[in-house]
Each structure stands twice: as structure tokens, then as C-alpha cells.
Amino acid sequence: MNIVVCVKQTPDTAASVTVEGGKVTWGDAPLVLNPWDEFAVEQALRTKEAHGGKVTAISLGPEGAREALKQALAMGCEEAILLSDPAYASADTLVVSAALAAALRKLEAVDLAFFGRQAVDSDTGVTAAQVARRLGWPSLTLVAAVVAVDPQARTIDVERMLEETRQQVRAPLPAVVSVVKEIGEPRYPSFMGIRKASKAEIPVWSAADMGFSVPAPALTWPAIIAPPKVDTTCEMITGDSPAAIAAALADRLIDEKVL
Amino acid sequence: MADKIFVYIDHYNGQAVGPSWEAVGVALGLGPSLSSGVTALVVGDGVRGLAEEAITYGATQAIVRESAELKDFRPEPYADVVTGILKEHQPALLLMPTTGRTRELGAMVAVDLETGVTPDAISLQVDQGAVVATRPIYAGKLLTQEVARERRPQIVMIRTRAFPRPSPDASKKGAVDAAAAAPPPPATQVLGYKASEAGVSLTDAGVIVSGGRGVSNNGRLTPPAEITDEKQKEIWRAQQGFELIRQLAASLGAAVGASRAAVDAGYIPYVNQVGQTGKVVSPDLYIACGISGAIQHLAGMRTSKTIVAVNKDAEAPIFKIARFGVVGDLYDIVPAMTEVFRTRLGK
Amino acid sequence: MDFRLSPEYEMVVRMVRDFGQKEVAPTIREADRRQEMAPHILPRMGELGILGICLPERYGGQGFDYVSLGLVCEELEAVDTTLRVVMSVHMGLNSMALLQWGTEEQRQAFLVPQAKGEKVAGFGLTEPGAGSDVAGMASTARRHGGDYVLNGEKMWISLATKAHHILWFARTNPDAADPHDGLSAFLLETDSPGVTSGDIHGKLGVRAGSTGWVNCQDVRVPTRNRIGEEGEGFRIAMSCLDNGRYTVAAGATGLIRACLDAGVRYAKDRHAFGRPIAGFQLIQQKLAVMVQSYEAARLLYLRAGEMKNAGLRNTRETSLAKWFATDASFAAASEAIQIHGAYGYSDEYDVERYLRNARGAMIYEGTSEIHQLMQAGYALGTRKDAALRCELPAYDPAIWRG
């Protein structure tokens, strides 16, 4: 099977992120493989191990995103490709999904494209579905389990995590799959994998290399701001009876949009 | 000329998803300069009633498109139908609640119409004829404003409970344009549904209700006669207390936590322990019952967005970091809270 | 001189750190209280290849260098000393000795399964009556036909009840003019008849590990299991210590870092007199000293690791690194407890475990006193390192990564 996993490099989730001069900064906190994408890599590798084939990791990002791709290689992906182009500078998901779709077309005969459910920096969670739409492939998001892959019948059965229930869906291949944590613990990179990854040559594909004309983004971001500080003086809730107190507390929580 | 606003009503199992009404409220609130009326959009099978419900929540009119093939939500056919409707009616703005379904739907419609899609908006402003949405990024550590200046429609999904829910008014009237949809058959097949596993994981939970040492502190309870050992009586009382905590948690869809003191005393297993030597959690709401607020516990939950403390002792340190406090007996307060939340939140 | 870590080293560090955090840290306090080694640890370290990290691929190892071994030990001990103790005996004292002194047959027979984690390896030098005075050991090994017969008891042996192979030192020549020349080394397979072992409890620290005694009663060991030549035992043992104490130095460095991290975290959290105690200068001083110790300890062990990579004799540098890091880790742990106040005195927090663990490293693999004597000897010119018949192979990626 020809499997692709789309990954992103993001700041470590423990990083303290602030806005300086209108731009987001994370100080000297490290950049890592987006934690959700680790789950995607894990599932991609399990599918390859079950059915044979190879896994290619691709990432749209700056030069430094190679490190995230190396992590994917160290976990066991066979190849990695960096998609980089100055035209991606102020990309929104419309642009990113178009570029990823172009790469998937260029790779030819891809059976499955795995994604993590969202990137921990931009937190949109829409890219996978947009890539699927562009390619005309089924979109299977929020997948908690890949129940079966049938390479002969060219189908995949998954369990999706909806708010209310788990939905079981069968889709034809090729398909786009985005995964959630329930898919299973990602493996550590093996030492052999680390050795391979540090030696690996990761090619860069520009937009031109993919024969792809970068669309203009639809969105702009007028400002990035820190959330307002919450007042920490304790408001004591009183009342004539436990029921009255509970009602007053519920009122306050609903007012403050906590509930 | 004012623009049209469409609100997509998300639904599951014949019921509208509550935040869909919040989206209607937002649409109405965007002001007459931007809105020549709010059109509710309902797609599915046997969903005409939802269109009528939308009118009671304030939608000016509703469009319903139905087909047996749309009974189960699949993004591709739903997107086909919605895109078709939007192309025909050309609204300026499509509002939706943010759910797993609508994220996919909004994503695909945005591709079809080459426009932007903004999930999880917590506030909206109108600026130079466009809706500027504010949404959290970096897991809420920062907020960004986002706007599609030129593309139309703008597609914005609002975050659940970020906006008020209007009250329905059965006397409201509006036209319902109902018709059959003829989507191309979906490539995917829904095989079935399975109940989700019970229990919310502490580290992922949005709401946590925790119990501490104080949970055993109820002299009014009489343990069964078979229990003679003092320590066992204490544990029995504590288990009654934790049952109340569990019920409060259930009413909120919350996870159950505990302080180290409660775990050490044998009231509840270690897996529930919140604190420096247990789990570190960061929920939106943390309700601490009978927990004094020792630094060891605080280290595990201090970054919770809102902390509510219930404790008999007005001097308990937990009140120093709580947003809301109740000085009282948790055996009285906790069941009362459960009752109120069950009614108000309908869980 | 580039003091930065390459991306490859960074990946190794991250991987071992993740393993420690996810699979050991959550239950380590429990294991320490029970004074038992968690059963999953050795198999997991074997599965992940940690037990063969710096051995050549053709001997079943992972093909990394000696600096990687140090980095791995630093990460392991930052979680708990017992993890690093595994590396000290399995890799530092035993496996690297086979690499240095073993014949090709012995490497194939013993080193390969050790590298793959199929067999766990230990080191049997210390006896109830002989610690620093290695040459005073009482264990014997008498020739009997084509075999040796081992008799004797070793004590304070890490992984005593868990090791399949123990590098066992015994006197083959009681009549040697110099007792140092009467010792030989053997690869003892612990499933041989006559071998018994047991665990020692009640240690001050390293409680989540496995320390014990091993006794040989007329145990037959074939000549092919003798490592090196008869009479080379003492020299072999000393060269083993060069590698064992390297892992101790690296590990103690990780322990200093753990103390520093715990101290910083607590100082920022804890309030007194209306503000975080991190704002008080005497607390800041403790943290500053820990930083100084950490950085110095790290440079010392990394230098020793680089010298091993280059095939340079490093007895002096390794001894210096071990002595410095272990003494400093005990001081750091003590100050970390002080920063935590009364909470530091409780096993609710990690710092008391760090102190108890740190104390042992000042005693084993050469007491701090032994190292001071060594360093004075080097400084005064009275101690010189004679060339060895077999040197630890320099690291060569072309050979290590077949």
C-alpha cells in the first residue's frame, strides 16, 4: 500500500506563547512534531505493517520543519518530503489544503492519507476534510479506530468519534483519514530509525515542482491578542437554602459562560 | 441593500444540536445593517420539524432539503446540498455551531466556494462590511482575529456556549421552503453506531468535580451495622460522599477527581488523584468539594480556567484561588447543585 | 570545539526521556516504597535497544557511540537512579568489557544476546570482606581439567537475582607474589549448578532496583568463559570501572538536573511572606549552585565520552567526572530538600528519593576517597596509567553501523 501521512511542525505544547509586536513567539521552547500527528504516523505505520507497502511523510513548512519529518522517519516512515515555497507565507487552510492535495496527486497511486485531528498551534481541524474535498476522496475525520483495511476490495472500515456516539463507516480507497488519541499510543522512534533519519536526504518540493499554482488565501488575521486576564478574587455565593445557593451558583457560571 | 445570513442547523438523531440556536441568536444580533433576515438551513431526512423549531428561535425563514439518503450525516452529500443552496442564494454569511460534523461540512463548503472557514469563534464584530471573528489558538493561550475580507459567503462556526441561547417563542412565524434533495449517492457507507465508553478521562476533561478529605465528614450518616471498624466506617461515609460527587459529575458530563488526602485515606483509587503526585489537569471548570487547597493539590489544578470551591471552613486556602466559593456542607450543596445542573443543562 | 548536541543526539535524548516519563515515572515512587524493581523495566529497556545502545550492530547493538551512552544515562537517572544502575552493570561494567577483552567467540556467545537484551548482564567484583581492597578478595577459581571451579560470595551486586551473565572475578593464583596478579575474570552463567543468589533489602537508596548477593559453591565454568588471560583479572576489573564509573558520572549529572528542575518548580509555586520563595536570595543561591554543578558535571562526562570515542585512555578523566558529579548530586539533593521545606522531608515529593539515591553513588564504583587518591596520584606524578593489552575500541561509525 502507498500510504502518506501529513504532518506539521509546531511549538511544544508546554511552551509559553505570547504576542510580541503583533506576532506569536514561544521564546526558546523547542519545535516538535505536532502531537496529534504522532498519532497519525503511528496509525500509518500500523496500516503499513498489517498490509505491506510504504509510508511517506509530507509537511508544508519552513526549512526547520525537516526536524518534524525526521521524527516521522525515525518512527519508521520510509520517506519524507518537505513542501516549501515563499508563496505559502500567509497561507490559510485553503492554500495549505491545495498544496497538500497537489503533493498527493504528484505522489501518484496513494491509497491512504493520514492526518492528526488538528495542529496544536492553529487549532482549525479542517485541513484534512479540505484536502479530501479537493481530491474527491472520502473524508474520514475523528477516527478512533481503523477496524479493517481490505486492499483487494479497496475499502477501509473505521470508527469515528462523534460527540454523541461512535459511528462506523466504510469508505472506498483512496481516502483521507484524520485520527484522534484513541487510535493508540504512538511508538517511540527506534534507535535504528534515529540513525536513518539523521542521515536522510529530505527533498523539497516548491509549488512549481508540483506544477501547482498557489491560490490566494481567503483569510487574513488583523490581530493576535492575549486572552483577557481573569479576576481571581473569590466571589462567595450565598443563599437561604442549598437549593437557592446552587441556583445562584449556576446563574453565575452561566453568566460567565463557564457552562 | 442588506445581506442574507444563513444559519446551518446541526442535528443528530432527529434533535437539533443546542448551539445551533445560539448561532441563530448570533445571526439576529448582527444587526439590521448586515442582515436582511436570518435563514435557517436544515438538511437531512425527516427534519422539517427542525426548520419550524428554528423559526421559533427567531429565524425569519427556513430552507429544508430532504432525502432518505441524507438520513445519516456524511460530509460529502451534505456539502453538495449546502453548496448548491449557497450558490443559489448567495448569502453574505453562513453561521454554524462547531461540532465534528459541521467542521467537516464547513471545511468542504469553503473549498467548493473558495472562501474562508473559521471554527470555534468566541466573539464576532462587524468591520467594514465583513464579520471579524475571534477564536482561540495555541489551545486557548492566545486569541486571533480572522476575517475573509472579500470572499463570500464568510463561513463562521461559533464555539459552544460562547454566545447566549435565545428562548423559543412558539408564536413566531416564518416561511419554510421545503423540497427534496437529490444528492449524488455517497461513496461511504455508515455501518452502524456504537455507544461511547463510559467515563471521561481526567486529563482530557473539560469539567472536573473533585472530592477531598472533607467527603467523609458527615456525622449524620449511619453506616450499616455490619461495619464495626472505625476506619471502615469512615471509608463507607466517604464512599457515600463520592457517590454524590459522581452524580454531580454526571450532571455536568465531567470527570471525577480526588485530592491526595482522599486517595491516601482509601476513599477512592489513585487513578483519580489530581495533584503534583497525581495528574495535572487544566479543565475549563474545576469544582473542588471538601478540598482544603494544599499546595500539592493546587499544583495539579491551578491552571483550571474557573475554580469553584465548596468547603465547610471559610478559611480554607482553596478559596484564595477559587473564582466562586460556597461555605457550606457539601452533603447539602453538592446534591442541590446536581439537581440544578440536571434541570438547566438537560444532561 | 562545538559543545552543541547534534540532531541525532537530540533525538536519542528525547526518545529515552519520553520512555522514562511515560513508562517509569508514574509508578517509580510505588516501586521505591516496595523496594522492588518493576518487572517491565528490563524487558522494555531490552526491547527498545537501550541495553545495546553503544555496541556495534554486528554484535546485536544499536551502533551509537560512547557519548550517546552518557546522554542516555543522564536521562535515565533523571527519572530514577535504578534505571541508570542497569546501564552501569549491564553495559558499562560487563558488555563493554566483553567488547574490550573478549575473544570473537566470547563476543558472539555472550555479548550478542546481551546487546539484544535477551540476556541481562551483571558484575561480580565486590565481596562481603572486600570493597575498595579489590586485591583482597577471597573468591577462588581452581583449575579442574578443562574447567575452572568457582567458590565464593559476591555482595552488593546490582541485578544479582536478575542477571543471566555475571562478570565474576576470583583468585586463580593464590601463590602470586603480588596478590593483584593472582586474579582472573570469568563470564559466569547464573543458571549453572551451584549458583545461588538473593536480594538485599533495607538499603538507604536505589530501592526500586535490584541489589543482592551471589554465591558460587563448586560452580564449574569452562575455560572458554575465562575473559582475558589468567592473572589479568585485576587489570580487567580496573578497566571495567573506567566504563562503569563513566555511566555513574553521567547519571549523577542527570540527578543534579532533576534536583534543579524540582527546586525551580517548587520555588516558583510556593509562597511565603506574600510572594513566591523563588524571589528570596538564599533560595536563588541554592539554584545557582545546582546550575554550576550541573554544567560542570556535564562537561566532565562528555569529555570522557569523547575520549572513549577517540580511543584515548581516560581513566583520569572518568574518575574526575565520577567523583565530581556524585559528590555534587548529593549536595544538590540536600539543597533541593531544603528548598521544599517540610515537604522535602516527605516521600510525597521526589527530592528525598534523590538524596537517598545520590548517597550510594559516592560509595560504589570507587568511593570518593579512592578517587581523591587517584587524582592526587596523577597530580603528583606517582600514578601513571600503563598501557593495556586490550584497549576499549575507538568508536568508528563504519564499523559500529555495519
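Trainee: Which residue forms a salt bridge with C:D80, and how far apart are the closest N and O atoms?

Mentor: A salt bridge here is a side-chain nitrogen of Lys or Arg within 4 Å of a carboxyl oxygen of Asp or Glu. C:D80 makes one with C:R353, and their closest N and O atoms are 2.6 Å apart. Before we go on, this is a predicted model: local features need pLDDT of at least 70, side-chain atom pairs count only at pLDDT 80 or more, and totals for chains, interfaces and linings use all residues. Residues are numbered from 1 along each chain as its sequence is written, chains are lettered from A and ligands numbered from 1 in the order in which they are written, and side-chain values use heavy atoms, with hydrogens and water left out.

Trainee: Thanks! Into which domains is chain C divided?

Mentor: Domain bounds come from an automatic or database domain assignment. For chain C they give domain 1 (7-120), domain 2 (122-234) and domain 3 (237-400). The C-alpha centres of domains 1 and 3 of chain C lie 19 Å apart.

Trainee: How many residues of domain 1 of chain C are in contact with domain 3 of chain C, and what area do the two bury between them?

Mentor: Contact means heavy atoms within 4.5 Å. By that rule, 38 residues of domain 1 of chain C touch 43 residues of domain 3 of chain C. Buried area is the accessible area (1.4 Å probe) that two parts lose on being put together, summed over both. For these two domains of chain C it is about 3300 Å², with 52% on carbon and sulfur atoms. In domain 1, C:Y66, C:E74 and C:Q100 lose the most area to domain 3, together 23% of what that side buries.

Trainee: How many salt bridges cross the interface of domain 1 of chain C and domain 3 of chain C?

Mentor: The rule finds seven there. On the domain 1 side, the largest share of residues touching domain 3, twelve of them, comes from α4(C). Helices (H or I, at least four residues) and strands (E, at least two) are DSSP runs, numbered from the N terminus.

Trainee: Let's turn to chains A and B. How many residues of each are in contact?

Mentor: Chain A brings 79 residues into contact with 76 of chain B. The area buried between chain A and chain B is about 6600 Å², and carbon and sulfur atoms give 59% of it. A:R133, A:Q168 and A:L259 supply 11% of the area that chain A buries against chain B, more than any other three residues.

Trainee: Which residue forms a salt bridge with A:D251?

Mentor: That is B:R344, with the closest N and O atoms 2.9 Å apart. Helix α6 (residues 242-255) of chain A gives the most to the side of chain A that touches chain B, with eleven residues.

Trainee: And how should I read a sheet? Which strand of chain B is joined to β14 of chain A?

Mentor: Strands of a sheet pair through backbone hydrogen bonds, either parallel or antiparallel. Two strands count as paired if DSSP finds at least two bridges between them. Here, two bridges join β14 (residues 224-225) of chain A to β10 (residues 142-146) of chain B, and the strands run antiparallel. A:I225 stands opposite B:L143.

Trainee: In what order do the strands of this sheet stand?

Mentor: Four strands form an open, antiparallel sheet in the order β14(A)-β10(B)-β9(B)-β8(B). β14 of chain A and β8 (123-127) of chain B stand at the edges with a single partner strand each, so one side of each is left without a neighbour in the sheet. Strand β9 (residues 130-137) of chain B pairs with β10(B) over five bridges. B:I137 has B:L142 in β10(B) as its bridge partner.
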